[in-house]
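Biologist: Before we discuss how the parts of this model meet, could you put it on display and say on what grounds each term is used?

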Amino acid sequence: QEAAKYEKKVMVLDFVMPTPLGNSWGLGGTCVNVGCIPKKLMHQAALLGQALQDSHKYGWQFTEEVKHNWMTMTESVQNYIGSLNWGYRVSLREKNVTYENAYGEFVGPHTVKATNKRGVEKLYTAERFLIATGERPRYLGIPGDNKYCISSDDLFSLPYCPGKTLVVGASYVALECAGFLAGLGLDVTVMVRSILLRGFDQDIANKIGEYMEEHGINFIREFVPIKVEQIEEGTPGRLKVTAKSTTGNQIIEGEYNTVLLAIGRDACTRKIGLDKVGVKINEKTGKIPVNDEEQTNVPYIYAVGDILQDKLELTPVAIQAGRLLVQRLYGGATTKCDYVNVPTTVFTPLEYGACGYSEETAVEKFGEENIEVYHSHFWPLEWTVPSRDNNKCYAKIICNIQDKERVIGFHVLGPSAGEITQGFAAAMKCGLTKEQLDSTIGIHPVCAEV
Amino acid sequence: GRNEYDLLVIGGGSGGLACAKEAAQFGRKVAVLDYVEPSPQGTKWGLGGTCVNVGCIPKKLMHQAALLGSALKDAQHYGWNIAQPLHHTWSVMAQAVQNYVKSLNWGHRVQLQDKKVKYFNMKGSFSDPHTIRGLTKAGKETIVTAENIVIATGGRPKYPTHIAGALEYGITSDDLFWLKESPGKTPLVYYPSILHLYGIIIYISLADASPDVSLECAGFLTGIGLDTTVMMRSIPLRGFDQQMASLVTEHMESYGTKFLKRCFPTKVEKLESNRLQVTWKNTDLGTEETDSFDTVMWAVGRAPDTETLNLKTVGVKTNSETGKIIVDASEATSVPHIYAVGDITEGRPELTPTAIAAGKLLARRLFGQSSELMDYDNVPTTVFTPLEYGCVGLSEEAAVQCYGSDNIEVYHAYYKPLEFTVAERDTSQCYMKMVCLREGEQRILGLHFIGPNAGEVIQGFALGIKCGATYPQLMKTIGIHPTCAEEITKLHITKRSGLDATVTGC
């Protein structure tokens with residue numbers, strides 16, 4: 001869309017390979033269809049469940065037992081997504097960007113073959129190409145996984161309530177999904193191979209896990225599934241999962257209605273003909289290395305988004321990188337995407353917002369004696385009346401003593417973590433120091449003032 | 001003779017307690033006097049001041065109760081099957097809130113004890129610059145002397161005493177939060193046509209800029225299902241950005257609060273039914289109108305209770321119009337060794353966090369060898385109306401006045417919180433704007449945000465502004481997705497361009 005502003009002739013090819021269970025979706029990519037958007041809406045549904053419980057203490061009266069209807073929620077969510085898909089198509093049209101719902105792959109220099117759903121092939125040539133094919137969920141490669149397990153690609157449009165669910169994985173996708181499924185009243189178990197939220201601050205990751213456990217989510221630690229079998233067909237059916245310990249020979253079995261795999265995502269780079277044009281990829285991960293201007297090793301081919309090596313897999317990063325790239329190519333700008341201090345939020349039942357270094361990486365990079373960690377537990381005012389979870393919320397900042405106590409890491413665990421973190425990220429971009437933080441007046445009473 | 005205490009604080013509210021506790025950290029002998037003169041209706045409360053007892057805390061909790069009402073409506077769209085209609089019971093909420101406030105009163109007493117600060121539940125007045133006379137409720141007198149004295153007695157709601165019946169029949173925010181029974185008949189929420197049950201009327205006429213507890217009250221009263229009317233002589237939220245203020249009241253109107261604009265009451269009488277009849281003049285139509293209500297609440301400003309302090313005896317200068325104590329940048333009054341912090345000081349924002357910060361810094365300067373002065377610039381604040389409004393820095397009008405409209409750029413956007421989409425909620429007033437200098441590095445002068453969790457959104461950006469944030473720096477900040485706050489980092493449409501400022505797309 002940015003390129004079209006510069007009156008360039010632009011084409012977008014978008015195609016969704018159906019999931020093993022046959023699921024597909026419209027224009028917009030992961031975020032819109034099977035990522036951020038449906039995830040946040042379902043997380044909101046779960047938060048509303050909690051709000052219902054709180055509201056009794058605030059004087060609201062209605063029958064104590066309230067049930068959740070999966071289909072009502074999913075329909076609302078899918079309708080909204082449909083409106084976004086539509087919105088994108090209209091937007092592309094208005095901006096004179098040609099859109100083809102076809103699978104694109106390189107066949108030679110400057111040439112791409114587009115194959116649509118019906119198998120019709122067309123060839124297109126362009127001066128420049130941008131690869132932004134993103135990723136898809138990884139499967140375990142064990143008996144029964146393709147046939148019986150679902151992934152996040154299927155969950156948000158599942159035409160039946162998933163029931164008793166086993167979530168395999170400890171990524172933020174796994175924990176966010178486990179979190180909202182439990183919040184909607186389902187029996188949820190999370191099977192974790194080793195640690196939670198790898199790459200995130202581990203102190204906070206453990207607090208998140210603890211909170212989820214206290215709120216009824218079962219954790220099976222240090223096990224991996226080795227087999228999934230079907231006991232009974234149905235919507236949902238019944239599945240038997242066999243798992244092996246990672247530390248010994250112990251084998252366990254469990255029965256679930258649904259098994260949700262969330263063990264990672266793989267880049268969609270292996271089958272788009274990159275070898276035909278010489279674009280190098282990391283053979284192990286499938287990701288594409290680029291320079292700081294998002295250029296691959298082939299000068300006229302660029303890449304943005306989840307497929308980039310060593311970059312964050314986040315929608316706003318992809319958007320920013322894409323826009324700036326085009327402004328450089330066609331607008332004479334020189335600004336490069338700033339990948340430092342990119343804030344993020346994990347929408348687990350207790351939300352976690354972060355920007356900058358985790359405590360571990362700060363210690364590693366600067367040395368323990370050179371950093372100062374300020375921290376505090378807090379109790380959101382709104383949780384006092386319903387007497388909920390005193391002392392679970394937590395905030396910490398990590399400062400670099402050698403650089404005027406500059407804030408190099410910000411972490412907050414509590415409600416509205418995303419809203420809170422955003423502004424702090426902006427402040428960190430401005431070089432926030434502890435002194436400046438201390439001299440800023442808090443807004444009262446909110447969580448962020450802590 | 002020697003003074004008994006190093007520091008005596010008159011007033012156990014946000015500013016006073018913060019100052020006292022900080023001073024005690026330096027090993028000083030500190031005492032606090034706190035006393036609550038009952039309201040005309042007889043309401044009183046414990047240690048902690050306005051914020052804890054009749055301000056921020058109960059206000060936010062009742063606001064939360066109202067928000068939960070909306071959440072209950074939303075929940076159905078998200079698949080929760082709740083039987084209609086929904087009922088709210090005032091006494092359940094009030095008791096829960098009051099219990100929490102009482103726990104805070106208790107907590108403060110324990111803290112003072114832990115920090116070895118002496119607490120007197122007495123009303124203080126000056127005998128001489130180092131001597132305070134304290135009177136208990138029973139009339140027992142105690143004399144206390146101190147090297148330094150800090151006045152932090154805050155303010156109380158004013159009554160429009162020129163209106164007949166105002167004092168006898170009306171309540172203020174001092175009373176609202178402590179009512180045991182509902183202030184109005186509760187019509188059943190979600191009925192298609194709400195009967196005109198009598199409900200509550202709030203008259204707002206604020207002379208100076210202050211966070212609008214009254215609009216906030218009107219908001220949550222409406223939210224819990226009470227028939228609420230706001231009567232205003234002129235403009236609401238005086239001192240705030242006027243575009244934002246009108247979006248806030250527009251939302252309240254569509255939310256169900258009734259507004260009687262450009263009207264002012266002339267008398268209040270009690271009817272046989274025990275309801276109150278209010279007579280008012282409509283300045284637009286030039287007519288006189290009446291109606292009856294269960295409760296009349298006044299919100300015509302707050303004033304300090306300096307008469308009883310006996311300030312004249314010691315020569316502490318006050319502003320003759322407002323009655324507030326005049327202080328310099330170090331919180332010092334016209335009398336050496338006498339200081340003042342909080343709502344009682346002239347020209348300062350009437351906010352808890354500023355009082356606390358000022359109190360702490362004062363203690364550090366007096367006893368901790370610090371020289372840091374309080375910075376009152378760029379103090380962020382939030383109005384907790386049904387659709388919250390958070391802001392920091394200059395309003396658009398103030399920026400134009402200060403720099404000229406040619407030298408400022410206003411970036412703005414109408415956005416839709418994701419959570420409102422599925423809930424099918426009206427987002428017409430969800431709006432944000434950033435006022436920047438047009439030239440040079442484009443420093444941000446003011447940021448304004450209307451939407452859910454406005455306080456949480458604004459806090460971090462206030463920090464950025466403290467660091468001198470510029471527009472380019474904000475644009476370089478990557479957004480967190482999906483949140484409302486991220487839209488701030490994407491502001492790019494200027495008012496000057498005249499383009500449609502509605503955010504589209506994911």
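**Domains and chains in contact**

Modeller: The domain assignment of chain A, with bounds that come from an automatic or database assignment, gives domain 1 (2-137 + 266-331), domain 2 (138-264) and domain 3 (351-439). This is a predicted model, in which local features need pLDDT of at least 70 and side-chain atom pairs count only at pLDDT 80 or more, while totals for chains, interfaces and linings use all residues. Residues are numbered from 1 along each chain as its sequence is written, and side-chain values use heavy atoms, with hydrogens and water left out.

Biologist: What makes A:Asp338 and B:Lys476 a salt bridge?

Modeller: The term requires a side-chain nitrogen of Lys or Arg within 4 Å of a carboxyl oxygen of Asp or Glu; the side chains of A:Asp338 and B:Lys476 meet at 3.7 Å, N to O, and therefore qualify. Across the interface of chain B and chain A the rule finds 2 salt bridges.

Biologist: How many residues does the contact take from chain B and from chain A?

Modeller: With contact meaning heavy atoms within 4.5 Å, 77 residues come from chain B and 77 residues from chain A.

Biologist: Why are strand S3 of chain A and strand S3 of chain B said to pair?

Modeller: Strands (DSSP runs of E, at least two residues) pair if DSSP finds at least two bridges between them; S3 (residues 67-68) of chain A and S3 (residues 80-81) of chain B have 2 bridges in the antiparallel sense, so the term applies. Within this pairing, A:Lys67 stands opposite B:Asn81.

Note on methods
Chains are lettered from A and ligands numbered from 1 in the order in which they are written. Helices (H or I, at least four residues) and strands (E, at least two) are DSSP runs, numbered from the N terminus.
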